[in-house]
Amino acid sequence: MAAPESLSLAQARRVALAAQGFADPAPTGVPTRRHLRRVLDRVGLIQMDSVNVLQRAHYLPLYSRLGPYPTALLDDAAYRRPRELFEYWGHEASLVPVGLHPVLRWRMARARSDAWGGMRRIAEEQPGLVAWVRDEVAARGPLTAAEIEHDAPRETGNWGWNWSAVKRALEFLFWAGEVAAADRSTSFARRYDLPERVLPTAVLDAPTPTDAEAYRALVAIAARSLGVAAEPELRDYFRLPAAGARQAIAELVEAGELLPVVVQGWQRPAWLHAGARLPRWVRGNTLVSPFDPVVWERARAERLFDFSYRIEIYVPAPQRAYGYYVLPFLQGERFTARVDLKADRKAGVLLVPAAWGEPGVDPGETALALAAELHRLAGWLRLDAVAPPAAGDLAAPLAAALAGLAGVR
């Protein structure tokens, strides 16, 4: 793509969607490790979240880009040898390519100053507990916090240990890179082990870059994954310090990897990645996770797509505008709807508590596309049916579209 001095909003949208992998061809047949790597190359990392009302969040970005795929593909990459991913604080809790371990060591080194308050306090106030927990992991790992707590000394006069203290100690060690996630239990609890028993030796032996080198590498990945972005989004992708991110941006501009560009309607300066693609169109219909990188930075999603989106999991039910676990629906180059979803696994039904259309869309056209996508999603989740939506301004046309699809199946 020739370096433009400006982009229309439509061009910026297509650049952004292509950078995220939404313009890549769909796999023919069952997706393989090659397809997984392609997605990881596009998104850079995958955010995790414990909510399981529909599907664990880290499985959904691959679904949005590959369609139905075996989740074991991601599990094996993250938790089986040879590992290609490891858990760490990237953009929140994330699955990160193992090759990024060296450029995240600056964060590990700052655990005592940057980790959350409970973790810092446990390290400062109960160093004996932290050392004991690490020794337990070294001797007996991989272990969950509950398994360590079960055998923790009960003397409260020394440290006052309890489950939460053990968990905080483990999370401090995890932040500091002294323990790693070997895998996950059936209840999604981390099993902790020593890094040398989890990560490839070549990764652990790789030299540690300077902080400036690490910031530059991480901003470069963010820029490649975003396509076109302003400073806050480049910084937010890996939650980098403001000053370090600004310096990294300046260095990448000087190196020609980032190109200044004016985006129609954006007030902030923007940068285009030198390798960004501008497809003529983006096709396909897919639901997107609330934790997908294409909507991580809500202000950017609003600027790019005129799509105001907030997750309402922690909003009291009477105050929710759209629902508990609402997924945006990407129809071509636009978000045309949002739908609240829940998997009733016992009944084998994908529930649709609410469905809402975006302003200016054709309700009938959007409902038909969304109905097909809901059936595809239900099949991937091994659910037998999709329930008609219970509420929302798109409920009636979507119910009709779902009924029509059910009639031809």
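## An opening question

Which side chain does Arg190 meet in a salt bridge? The partner is Glu171, at 2.8 Å from N to O. This comes from a predicted model.

The pair links distant parts of the chain. Arg190 lies in strand β6 (residues 190-193), and Glu171 in helix α10 (residues 163-175). They stand 19 residues apart. Arg190 is buried, with a relative accessible area of 9%. Glu171 counts as buried too, at 9% relative accessibility.

## Other salt bridges

The count comes to 26 salt bridges. One of them joins Glu92 to Arg239, with the closest N and O atoms 2.4 Å apart. Glu92 is in strand β4 (residues 92-97). Arg239 is in the loop between α13 (231-236) and α14 (242-254), so the bridge ties together parts that are 147 residues apart in sequence. Glu92 is partly exposed, with a relative accessible area of 29%. Arg239 is partly exposed, with 34%.

Glu251 forms a salt bridge with Arg216, and here the closest N and O atoms are 2.4 Å apart. Glu251 belongs to helix α14 and Arg216 to helix α12 (residues 211-226), so parts 35 residues apart in sequence are tied together. Glu251 is partly exposed, its relative accessible area being 22%. Arg216 counts as partly exposed at 28%.

Some bridges share partners. Through them, Glu87, Lys167, Glu171, Arg184 and Arg190 form one network.

## An open sheet

How many strands form the open sheet? There are 5, in the order β10-β11-β12-β13-β14, and the pairing is mixed. β10 (285-287) and β14 (385-386) stand at the edges. Each has a single partner strand, so one side of each is left without a neighbour in the sheet.

Strands of a sheet pair through backbone hydrogen bonds, either parallel or antiparallel. Strand β12 (residues 334-344) pairs with strand β13 (residues 349-357) in the antiparallel sense, over 7 bridges. Lys342 stands opposite Leu351 in β13.

## Two packed helices

Helix α7 (residues 117-125) packs against helix α8 (residues 127-140). The angle is about 100°, and the axes are 5 Å apart. That makes α7 roughly perpendicular to α8, because angles of 65 to 115 degrees count as such.

Which residues meet in this contact? From α7 come Ile122, Ala123, Glu124 and Glu125. From α8 come Pro127, Leu129 and Val130. The residues of the contact divide into 5 nonpolar, no polar and 2 charged.

Terms used. Residues are numbered from 1 along each chain as its sequence is written. This is a predicted model: local features need pLDDT of at least 70, side-chain atom pairs count only at pLDDT 80 or more; totals for chains, interfaces and linings use all residues. Side-chain values use heavy atoms; hydrogens and water are left out. Two strands pair if DSSP finds at least two bridges between them. Helices (H or I, at least four residues) and strands (E, at least two) are DSSP runs, numbered from the N terminus. Axes are lines fitted to C-alpha atoms, for helices over the stretch in contact, and angles run from 0 to 180 degrees between N-to-C directions. Angles under 35 degrees count as roughly parallel, over 145 as roughly antiparallel, 65 to 115 as roughly perpendicular and the rest as oblique. Contact means heavy atoms within 4.5 Å. Ala, Val, Leu, Ile, Met, Phe, Trp, Tyr, Cys and Pro count as nonpolar, Asp, Glu, Lys and Arg as charged, and the others, Gly among them, as polar. A salt bridge is a side-chain nitrogen of Lys or Arg within 4 Å of a carboxyl oxygen of Asp or Glu. Buried means under 20% relative accessible area, exposed over 50%, partly exposed in between (1.4 Å probe, protein chains only).
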